[in-house]
Amino acid sequence: MGFFSSLFGSAATPSGMPSFSSNGIVCPFCFEQFGADAVEYRCTNRQCDAGPSGSAAEVDEKYSTFRGWPRPRPVGHVFKPQKQGHFGGGSVCCDVCHSNTPVPICPSCHSPLPQSSIDGNNEIIAIVGTRGSGKSHYITVLIDQLTRRVGHVMDAGVNPFLTMDGLYNCRELYQETKYKPLFEEQHTLEATSRALGGGDRKDKMPLIYTWNYTEASRGRKKAFTLSFFDAAGEDLEDPQAVATVNRYLQHARGIIFLVDPLQIAGIREQLEAAGETDLTSSLRGVQGTTGFEGVLSAITTLIRTARGIREGDAIDVPVAIAFSKFDQLTPICGAAVTVQQPSPHAKHGAFVEADQQAVDAELRALLENWDEGAIVSSVQSNFRDVAFFGVSALGLHNAPDESGSVKRPRPLRVEDPLLWIMAKNHLITKE
Ligand SMILES: Nc1nc2c(ncn2[C@@H]2O[C@H](COP(=O)(O)OP(=O)(O)OP(=O)(O)O)[C@@H](O)[C@H]2O)c(=O)[nH]1
Ligand SMILES: [Mg+2]
Ligand SMILES: [Zn+2]
Ligand SMILES: [Zn+2]
């Protein structure tokens, strides 16, 4: 419960003040947790010479390692504030050049911290799933929807986080690694690289946005950080590598578990019986994967260990089980009407519970029909709060051809799982 109380705790903190709740701050880059007084700063003054005169500029080993740079680079003098507990650009001065525009950074990875994270308002939504389940395409299309449509119609500003010194620029990162290949070149994205192994890891850099909104009840301006980390399915299937995403899961406010319906035997049989034989293009990397059950158990074990929740006790993090590539299921889910309709939530400016319940009921019924009801029970036996969703990143009649070409994505309901988690955490209203 300490987890959720941190959210409410910070909501009660006067805006602009750091939250000193015992849970402290979670870095949206490395997901390490620390107290507000541990925040360090980086001087942004290019003339600032941190070393003894004539010596080389200070290299940042921590940040270079985090970014996977082959050689450590100087990116500005790092210091701890002299007077603990002072926040905001104006109140902290560089101990060398006395410049008063330093940026707050994470003590663990030296990444710049958005103000909303320093305020303790971090919303880490973990997006997990087996290899090839569609995580990268989903994140790409979800971010496009959030920044272009959903935020706007919900009266929220969804802004990519960037630093003035250009060290981190979420907009560019998203454009280069996600938007350009999928929306402009109209080609499927490559399988995500593993977390370990060094090198330039642009596709493993979390994409960080701030969601700025006005609190409905009190009219106050508020903001929280949304951090999207595109894990590799491979990492989630390998018990050794899964530790690297451990912290990410540990601090998640909610989990979006993408399930590739084509990886589920009962569904494949239905599709084959319906005469759908060409499923190959959406099945990249499926051979030899651990499958839904394996990843589910790896993730539940991690969360249990990290949060000290005993086997048998339900985990209280909301879990959205989202069937990806739902476009492929049209031939076999004739009875499901709601899930095929456009998402109503954003238009209403609130989360429409009736719609979510209808979708959830449809999907549970479909799973029963397809003899896959065991999926429902296995998720429910571990998590208290489970809802089923159907999403499509690419949209109807847009499955990639053999060369991986697609048309511009026309997504279906990609925002629903995220909005459900946000509503669960009282960040948007329900109706
Ligand atoms: N029909 C259809 N196919 C999709 C959709 N999204 C993804 N795919 C297909 O599924 C493949 C895998 O998707 P990715 O997003 O790369 O999967 P991933 O979960 O990121 O995979 P890893 O990075 O290996 O863990 C893509 O190359 C597409 O062929 C969708 O909405 N509809
Ligand atoms: Mg991927
Ligand atoms: Zn960090
Ligand atoms: Zn300085």
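Biologist: In which loop does Lys325 lie?
Modeller: This is a predicted model, in which local features need pLDDT of at least 70 and side-chain atom pairs count only at pLDDT 80 or more, while totals for chains, interfaces and linings use all residues. Residues are numbered from 1 along each chain as its sequence is written, chains are lettered from A and ligands numbered from 1 in the order in which they are written, and side-chain values use heavy atoms, leaving out hydrogens and water. With helices (H or I, at least four residues) and strands (E, at least two) taken as DSSP runs numbered from the N terminus, Lys325 falls in the loop between strand 11 (319–323) and helix 10 (345–348).

Biologist: Does Lys325 count as buried or exposed?
Modeller: Lys325 has a positive phi of about 50 degrees although it is not a glycine. Buried means under 20% relative accessible area, exposed over 50% and partly exposed in between (1.4 Å probe, protein chains only). Because its relative accessibility is 15%, Lys325 counts as buried.

Biologist: Is His98 buried or exposed?
Modeller: His98, not a glycine either, has a positive phi of about 65 degrees. His98 is placed in the loop between strand 4 (78–79) and strand 5 (103–105). Its relative accessibility is 56%, so His98 is exposed.

Biologist: What is the site of the zinc ion (ligand 3), given the angles among its four donor atoms?
Modeller: Donors are N, O and S atoms within 2.8 Å of the metal (3.2 Å for Na, K and Ca), with water absent from the atoms, so sites may look incomplete. Here the SG atoms of Cys27, Cys30, Cys106 and Cys109 lie 2.3 to 2.4 Å from the zinc ion. Their angles are 106 to 112 degrees, and four donors qualify if all angles lie between 85 and 135 degrees. The site is therefore tetrahedral.

Biologist: How many residues apart are Cys27 and Cys109?
Modeller: The zinc donors are spaced C-x2-C-x75-C-x2-C in sequence. Cys27 is in the loop between strand 1 (25–26) and strand 2 (33–34), and Cys109 in the loop between strand 5 and helix 3 (115–118). The pair thus links distant parts of the chain, with a separation of 82 residues.

Biologist: Which residue of strand 12 is the bridge partner of Ile321?
Modeller: Strand 12 (386–390) is mostly covered, five of its five residues being buried. Val386, Phe388 and Gly390 lie on one side, with Ala387 and Phe389 on the other. Strand 11 and strand 12 are parallel over five bridges, where pairing requires at least two DSSP bridges. Within strand 12, Ile321 has as its bridge partner Phe388.

Technical notes. Four donors count as tetrahedral if all angles lie between 85 and 135 degrees; four count as square planar and six as octahedral if opposite donors are over 155 degrees apart and all others between 65 and 115; anything else is irregular.
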